[in-house]
Amino acid sequence: MLHSLRRFLCFSTPKQRGTNSTEKDAREDSLRPKPSVIATTQPETTRIANPCIQRQDSMMSKVSDSSPSCTSSTHTESTTLSNGETRATTISATTAPSSPILKTFAKSTATLDTITPYIPILQADGTLRAPQLSFDGYGSFGGRFAPESIMGFLYELTSFFEATISDPSFWEEYATFHRALTPLHTASKLTALAGGATIWLKREDQNEYGTHRSRNIIGQLLVAKRMGRAEIVTDCASAKHGNFTAAMCARLGLRCVIVMGADDANAQEEDVLEMKMLGAKVLTTRTPSGMGSLRAAITEALRYSVCNHESAYYLMGSPVGPSPLPTLTRTFQALLGEEVASQMQALGSQPDALVTAVGSGSGALGLFRPFIQDSTVRLVGVEADQAAALTKGELGVLQGARTLLLQNSDGQILDSHSISPDMNISTVGPEIAHWKESGRIEISTATDAEALDGFETLRRHEGILSGLDSSHAVTRTLELAKELGPGKNVVLMVTGCDNIAMRRMNA
């Protein structure tokens, strides 16, 4: 059992070298689930035994990557693969640990036409209704790479989530916490500066603690509470996410465990103290290479939830991880894009382009998802230049899913860098990877210097102190507005400022 846990959430599978086409086709056929099985397999609901030799109820605040049980591992093996084409939650096929499977997958031919048409949750009168849930939309990405020891829980979570969000009473409860839409206003001075399309700002900085993930946090906490989970564990990069999660857990009477990369925690000491004052337990961690960033936090939070799966619920802040975790995240995050559509419609207009920074992809997923099948709307993402998985990454497996990630010629994960903690990650959500591969979204990059210029531009022209993540996308927004010209509309998502940005600008 310990061996399975240590192989869990592999960093990547080494690249295939010299595989002939016959071997490749045979391997792909053996890994591809049979359609009849997918159609008939039902999620299991029986709970499974705790896989840990020793529970982490008394875990120290400092998590070591070399701990002997329920902690990090440097294995680069994938253990369990599931279908990522359509319904990735119904099938798994065990593969040999040493089998270098990733590079044998053919390039996806799936198009966005296969995605179930998006039906809004937010209604014209401001009420919320149960969505038509779909687990498709990942193309050749996504899937479930996880040990058999937690398959029962993942099936249970899938089944419970489907039942819960189809219940109207859930959305009535959700509406009591998700109070008001964040403003969408004209950035008149930015518009004049660009000399082209009208620039609108979606003011996510007006959310409590300035986080753009509040919709997902609220939704998953309510799911967890209905599921009977008493403890919430979440990953955290920028402290905005952690502070809001801690505050919501206090309101709902839930224990809160926040896992941060050690470097991110050290850079945000005041915010970490605030999380603790709100009742959260904060754990810090590093990758095997010594990097204390969001990547390390996600890996450790996943591992912690595996070891405590009978009592803990993993609130995934990013749209990554084994299925169904990305689907849970996108279901609630998409309300962000729905708000933009509703607000623009109320103004008698519609967006011609949407722009946001892309780290792990939660902002892009939320803003773009309702517009993904509307080819008249350009969807533009901006990555950090040294953390550009969509621009420079290749197919691999990380943190339980197949996606694009930064890796070397041996398939080992490369460290990333960005002045924004939310952008400093070596991978991206599988759905965003699919959109990029299909050509639906446009991706560019911005350096640290360009991000700081973007921060200064918003401050000087609009009087807004933005997050360093959204600051990456300011220059591209100005370029796009000029390109589109007068009479068009460009929407930029703006997140809240953090202490890191304050120190950077005052240095």
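**View 1. The lining of the largest cavity comprises seven nonpolar, four polar and two charged residues.** In this classification Ala, Val, Leu, Ile, Met, Phe, Trp, Tyr, Cys and Pro are nonpolar, Asp, Glu, Lys and Arg are charged, and the others, Gly among them, are polar. The model is predicted, with local features requiring pLDDT of at least 70 and side-chain atom pairs pLDDT 80 or more, whereas totals for chains, interfaces and linings use all residues. Residues are numbered from 1 along each chain as its sequence is written, and side-chain values use heavy atoms, without hydrogens and water. Of the 13 lining residues, Tyr118, Pro131, Gln132, Ser134 and Arg369 lie nearest the centre of the largest cavity. A cavity is a set of points, on a 1 Å grid over the protein atoms alone, where a 1.4 Å probe fits but cannot get out; lining residues have an atom within 4 Å of a point. The largest cavity holds about 190 Å³ of space.

**View 2. Phe170 and Trp171 form an edge-to-face pair.** Seven aromatic pairs occur in the structure. The ring centres of Phe170 and Trp171 are 5.2 Å apart and the planes stand at 90°. Rings of Phe, Tyr and Trp (its six-membered ring) pair if their centres lie within 6.5 Å; planes under 30 degrees apart are stacked, over 60 edge-to-face and the rest tilted. Both Phe170 and Trp171 are buried (under 20% relative accessible area, 1.4 Å probe, protein chains only).

**View 3. Phe170 and Phe332 form a tilted aromatic pair.** Their centres are 6.1 Å apart, with 45° between the planes. Both Phe170 and Phe332 are buried. Ring pairs link Phe161, Phe170, Trp171, Tyr174 and Phe332 into a cluster.

Definitions and conventions. Buried < 20%, exposed > 50% of the residue type's maximum accessible area, 1.4 Å probe, protein only. 1 Å grid on protein atoms, 1.4 Å probe; cavity = no way out; pocket = protein on both sides within 12 Å on 5 of 7 lines; lining within 4 Å. Points joined across faces, edges and corners; volume = space filled by probe spheres on them.
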